[in-house]
Amino acid sequence: MRELNIQEFKDNPFVLAPLAGVTDSAFRTICRRQGASLSYTEMVSAKGLYYKSPGSEELLVIRPEEGPVGVQLFGSDPEMLRFAANFIENRPNVLIDINMGCPVPKVVKNGEGSALLRNPDLAAELVKATVEASSRPVTIKMRIGFSEECPVDPIAFALKMQDAGASAVAVHGRTREQYYSGKADWKIIKSIKQALDIPVIGNGDVFSAEDGCRMLEETGCDLVMVARGAQGNPWIFRELKALYNGEPIPEKPSVEDIIETIKDHASMLLRDKEEYRAVREMRKHVAWYTKGIKGAAALRRDAGSAESLDELFSITDGLKDLSCSRTV
């Protein structure tokens, strides 16, 4: 097992979270260009890899320009996690992360994701099996609890993962019951950081450079993970890095910057997916990219029904007529 070297991130402790349907190779590359020091894949099913599912293997498309990447695996069978770890062992510049926080019902009902918070012994077995099978750092991503009816001691859980061999723990400051509502509890992230010897990655409610730097200060965490705050706003990483290093925060992207990024993003999607899929995946990204631009609501509606990239690009070019920059 190799430890996660936090010194590699001393000048830039801001990382892109794993987001299903969002953090594919194209988006990871864009965030890397804007300053993300590490990024994570979408959730990859260990069972899917075991049974050679093309969909699961497709999620493992990783290119050198992405920089270091965490492959986030999910599952509840130690042998399948072991197999998945072996499957990616020879890929360069990757670490392994085990998802123990996904709140989605179809994941939880299989005893995976945040369901593991209720089964710390199994969670520890998953970590041990993965560590034994891989020479890469093995981290986990957890939430601070499950529900009021099924309480979890997040500090005890994190300590157990440390004892099982985890190289770092990422903590989303919400319970499974909360999904993404309410406010993330940074105080619990701080308590976990104080209890552990391994690095802790803070996650939850980072939507600006100020948020990210405040999380570092208030929790003492080693890295900050940006999730929804990066959707449509990869520029948050250059802002975070600048503020952290005492440099002027760059200006918000111009309409021209946004148009160029949308086209670049779509073009990279075409490397891995047919146009039909690329267009449909870009629809949501266009909605995110244009959030905060006054007068862009009609454009978002039109983009939501685009059937080709040419049509999508034509619609997006309409941003030029709005002659304003992004405000959020």
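## Naming and model

Helices (H or I, at least four residues) and strands (E, at least two) are DSSP runs, numbered from the N terminus. By that naming, Tyr 179 lies in the loop between E7 and H8. The model is predicted.

## The nonpolar core

The largest nonpolar core has 103 residues. Six of them touch the most other members: Met 100, Val 127, Ile 140, Met 142, Met 161 and Phe 237. Helix H11, residues 255-272, gives the most to this core, with seven residues. In soluble globular proteins, nonpolar side chains tend to be buried together.

Take Met 100 and leave out residues up to four places away in sequence. Met 100 then touches Gly 113, Ser 114, Leu 116, Leu 117, Ala 123 and Val 127, among others. Its contacts also include Ile 140, Lys 141, Met 142 and Arg 143, as well as Phe 157 and Met 161.

## The largest pocket

The largest pocket has a volume of about 810 Å³. It is lined by 39 residues. Closest to its centre are Ala 20, Met 43, Asn 99, Cys 102 and Val 104.

By class, the lining has 18 nonpolar, twelve polar and nine charged residues.

## Helices H9 and H10

Helix H9 covers residues 209-219. Its buried residues are Ala 209, Asp 211, Gly 212, Cys 213, Met 215, Leu 216 and Thr 219. They pack against strands E1 (14-16), E8 (200-203) and E9 (223-226), and against helices H8 (186-195) and H10 (236-244). Gly 220 follows H9, with a positive phi near 75°.

In H10, the buried residues include Ile 236, Phe 237 and Glu 239. Leu 240 and Ala 242 are buried there too. The buried residues of H10 pack against E1, helix H1 (25-34), H9 and E9. Phe 237 is also among the core residues that touch the most other members. Just after H10 comes Gly 246, with a positive phi of about 70°.

## Cysteines without partners

The structure holds zero disulfides. Cys 31 is in none, and the nearest cysteine sulfur, that of Cys 213, is 17 Å away. Cys 31 counts as buried because its relative accessibility is 0%, under the 20% cut-off.

What keeps Cys 213 from a bond with the closest cysteine sulfur? That sulfur, in Cys 221, is 11 Å away, so it is too far for a bond. A disulfide needs the two sulfur atoms within 2.5 Å. Cys 213 also counts as buried, at 17% relative accessibility.

## Loops worth a look

Most residues other than glycine have a negative phi. Tyr 179 has a positive one, near 55°. Tyr 179 is partly exposed, with a relative accessible area of 29%.

Asp 205 is not a glycine either, and its phi is positive, about 65°. It lies in the loop between E8 and H9. Is Asp 205 buried or exposed? It is buried, because its relative accessible area is 19%, under the 20% cut-off.

Pro 151 sits in the loop between strand E6 (138-145) and helix H7 (154-164). Its relative accessible area is 66%, so Pro 151 is exposed. Pro 151 and Arg 118 are 33 residues apart in sequence. In space they are 8.3 Å apart, C-alpha to C-alpha.

Definitions and conventions:
Residues numbered from 1 in each chain as written. Predicted model: local features only at pLDDT ≥ 70, side-chain atom pairs only at ≥ 80, totals over all residues. Heavy atoms only, no water. Buried < 20%, exposed > 50% of the residue type's maximum accessible area, 1.4 Å probe, protein only. Core = buried A, V, L, I, M, F, W, Y, C linked by side-chain atoms within 4.5 Å. Contact = heavy atoms within 4.5 Å. 1 Å grid on protein atoms, 1.4 Å probe; cavity = no way out; pocket = protein on both sides within 12 Å on 5 of 7 lines; lining within 4 Å. Points joined across faces, edges and corners; volume = space filled by probe spheres on them. Nonpolar A, V, L, I, M, F, W, Y, C, P; charged D, E, K, R; others polar.
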